[in-house]
Amino acid sequence: MLQRYFRLTRMEFILYLREPSGFFFTLIFPLLLMMLFGSIWGNDPFPGENFGYIDFAVSAFIGMVILTSGIMGLTTSIAAYREKGILRRFKASPISPLLVLTAELSSLFLITVAGMILLLVAGALVFGMRFYGSILEVFLAFVLSTLSISALGFIPASLAPTARSGMIIANAMYFPMLFLSGAALPREMLPPFLSTFSEVLPLTQVIELLRGLWLGGHLWEFPVQIAVLCGVTVAGFAIAAKYFRWE
Amino acid sequence: MNRGIEVILPETVIRVEDLRKSYGDVHAVGGLSLCVSKGEIFGIVGPNGAGKTTTMDCIVSMRRPDSGFVSVLGLDPLKQRMALLKKVGIQQQESELPDRMKVREAIELFSCFYGNLKADTGILSRLELSDKKESYFSTLSGGQKKRLFVALSLVGDPEIVFLDELTSGLDPRSRRSMWDLVRGLRDDGKTIFLSTHYMDEAEKLCDRVAIIDNGKIVAMDTPASLIRTHAFALSVIMGIPDSFCEREIESITGVVEVFREGGKTIARVRDSSAVVGIVKLLVESEIELGDFHTEKSTLEDVFLKLTGKEIRD
């Protein structure tokens, strides 16, 4: 059982890395953006603060990795797997379909971890990034964030009748969050009405939570963010459990 | 107990009784019953859309039948799904793998599903895929993909192998090597349940055949006895002018029917003595003979007779 799970997870992980667009947009693109903005703004502490641009923005870039693998990665692979009959082939083997999905989620989690590590290493080596939080708390928040965004990704993966329509729904979720949640652009640059709107996007809560913890906050100081992300996780997986089709 | 006589009854490995499955208003399978014995090559044959895949899917627990009884190796496909899937191998008509999965990786992954951590790569040479080991799935030809899926159906060393449209889309040479492979599997003691819309494949390959049309079995037996029961033994094709009296040929004992087709006279006969009669008649009448040959009846003729339709690709 465990052996099968590890094999499947490893296979999915390798397959993700072999797909050039997935590889680039999940792992390389956020890194390039961080390098670009970092070279513009540097990482000297803001006036009156103990943190600089990179310390502040690294959570947003991590959020971007979580978003890309959770929404785009999940929808692309699951919808295509279903449409091409790959899930059907798995279903004809003595393996629980749930194990296939768990492995898929796990491999995406590993991808996200890899993306985060790349950002952290680059941040530390190039910009001398500072960290004021607790590693355990940040990691817990990271796991919750990844779960909730993947749960969100399961909605198009479950509801869309075809791979193509799944991609459309995924795009409709992806781009507003990418641009409005502070992942690609600082939310402070948004006009007030968009900034208010962006409050309802789960990724906004992800980035707020990660940033707060990164700069020295504690989990109990973010009840709203944690509640929203838990709610999204439950809702997403509930919809998947009800509507997910293998064929 | 009668110890003196040993009766060897073939062990039934698949039993299906009154299977029914509809999709909306379409009755894909309408009351189908069959038994398959251990060690035989059993084929369901019929045109596309006759209900072959649905039948197979219900037997291997890929679909839930509306009603009917199914038992495979003594297991209930709906209640003992995992136990069943461990003992059978399935090659599906339409399935794929991720584009960038390599052939070797696919074999290793699926072997591991059956608890074999070391994949048996001998299976690849048996299916002539050894030199494709490191190729991506998306780069394989249609025939190679088909062979890979057959390989995947064998990695768990199954007792029964299910093959759905095994050779559709293959070139004649690959078809023949696939047939040899299937016969080899039977010789290894495995039971084969296959579906095909190729009548010649069913006739040459299967020990027993169920002809299926509109979700029902119209006949089930060995190919030879199906032909014996439902078709004429031979067709005699004669290149003779149509002025030559058909009625005289018809009156020969053993001739069932005579008709013209493609500028030739064709007589369907029951046995070879009728052929002798026809030859005698032709010689005596000193008619000019363009062509003269006989053709054995095939399963195709049986199908035509039983369903009134021609099977097409």
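Analyst: The contact draws 17 residues from chain A and 21 residues from chain B. Two residues are in contact if their C-beta atoms, placed from the backbone, lie within 7 Å. On the side of chain A that touches chain B, the elements giving two or more residues are α1 (2-18) and α4 (86-91) of chain A. Helices here are DSSP runs of H or I with at least four residues, strands are runs of E with at least two, and both are numbered from the N terminus. The largest share of that side, six residues, is from α1(A). By class, the side of chain A that touches chain B holds eight charged, six nonpolar and three polar residues. Asp, Glu, Lys and Arg count as charged; Ala, Val, Leu, Ile, Met, Phe, Trp, Tyr, Cys and Pro count as nonpolar; the others, Gly among them, count as polar.

This is a predicted model: local features need pLDDT of at least 70, side-chain atom pairs count only at pLDDT 80 or more, and totals for chains, interfaces and linings use all residues. Residues are numbered from 1 along each chain as its sequence is written, and chains are lettered from A and ligands numbered from 1 in the order in which they are written.

Among contacts in chain B with a separation of 6 or more, 70% join residues 24 or more positions apart.
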